[in-house]
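Please keep the sequence and the three-dimensional view at hand while reading.

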Amino acid sequence: MKALFTRLLALCLFATGPAWSQDAPQTQLPRVSLSAGMHLINAQVANTHTSRMVGLMHRQDMPANEGMLFVFEQPATQCFWMKNTLLPLTAAFLADDGTIVNLVDMQPQSLDSHCSAKPVRYVLEMHQGWFAKRGLKAGARLSGPPFVK
């Protein structure tokens, strides 16, 4: 019985291990094209618990107009941190119609929590300053397939 328990425990740890200990960037997620006015965004889509948990961790670089769109099942106050994330990022917390609720700059490898100002289902992470350089602030609207008009 003890041997069976040990094997089951090992299988459980093996099955869940990469989600907690992944040390390589995820670059093969599905992608979606978004736009902020004339600015195009190529976003990886993190729409599973595991892909959201790993996010942009361990990325050494990222193209200028690339980011990651986090998609949650239902609106909630979403909070992010930067553990194992090497790039400075700005998170845009987005309403269902793509409107920016709030923006937060996040420092690499920080455990500080950055949260949405109200419940949202979408969060778009881009290079830090990407939104500011384009004059995009809370109230601006992104468009693309995920967002309801």
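A residue is called buried when its relative accessible area is under 20%, exposed when the value is over 50%, and partly exposed in between, with a 1.4 Å probe and protein chains only. The model is a predicted one, in which local features need pLDDT of at least 70 and side-chain atom pairs count only at pLDDT 80 or more, while totals for chains, interfaces and linings use all residues. Residues are numbered from 1 along each chain as its sequence is written, and side-chain values use heavy atoms, with hydrogens and water left out.

Rings of Phe, Tyr and Trp (for Trp, the six-membered ring) pair if their centres lie within 6.5 Å; planes under 30 degrees apart count as stacked, over 60 as edge-to-face and the rest as tilted. The ring centres of phenylalanine 80 and phenylalanine 93 are 6.1 Å apart and the planes stand at 75 degrees, so this pair is edge-to-face. It joins distant parts of the chain, since phenylalanine 80 belongs to strand β4 and phenylalanine 93 to strand β5 (residues 89-94), 13 residues apart. Helices (H or I, at least four residues) and strands (E, at least two) are DSSP runs, numbered from the N terminus.

Phenylalanine 80 is also buried, at 9% relative accessibility, as is phenylalanine 72, at 14%. These two rings form an edge-to-face pair as well, 6.3 Å centre to centre with 85 degrees between the planes. Ring pairs link Phe70, Phe72, Phe80 and Phe93 into a cluster.

Strand β4 also holds cysteine 79, which is bonded to cysteine 115 in strand β7 (residues 114-115), so the pair ties together parts that are 36 residues apart in sequence. This is the one disulfide of the structure, a disulfide being a pair of cysteine sulfur atoms within 2.5 Å. The sulfur atoms of cysteine 79 and cysteine 115 are 2.0 Å apart, and the link is right-handed, with 110 degrees about the S-S bond. Both ends are partly exposed: cysteine 79 has a relative accessible area of 43%, and cysteine 115 one of 30%.

Leucine 111 lies in the loop between β6 (100-106) and β7 and is exposed, at 56% relative accessibility. Leucine 111 and tryptophan 81 are 30 residues apart in sequence, yet their C-alpha atoms are 5.3 Å apart in space. Beyond its neighbours within four places in sequence, leucine 111 is in contact (heavy atoms within 4.5 Å) with Trp81 and Lys83.

On a 1 Å grid over the protein atoms alone, a pocket is an open set of points where a 1.4 Å probe fits, with protein on both sides within 12 Å along at least five of seven lines; lining residues have an atom within 4 Å of a point. The largest pocket has a volume of about 360 Å³, a volume being the space filled by probe spheres set on the points. Of its 19 lining residues, the closest to the centre are Arg52, Met53, Cys79, Phe80 and Trp81. Helix α2 gives the most to this lining, with four residues.
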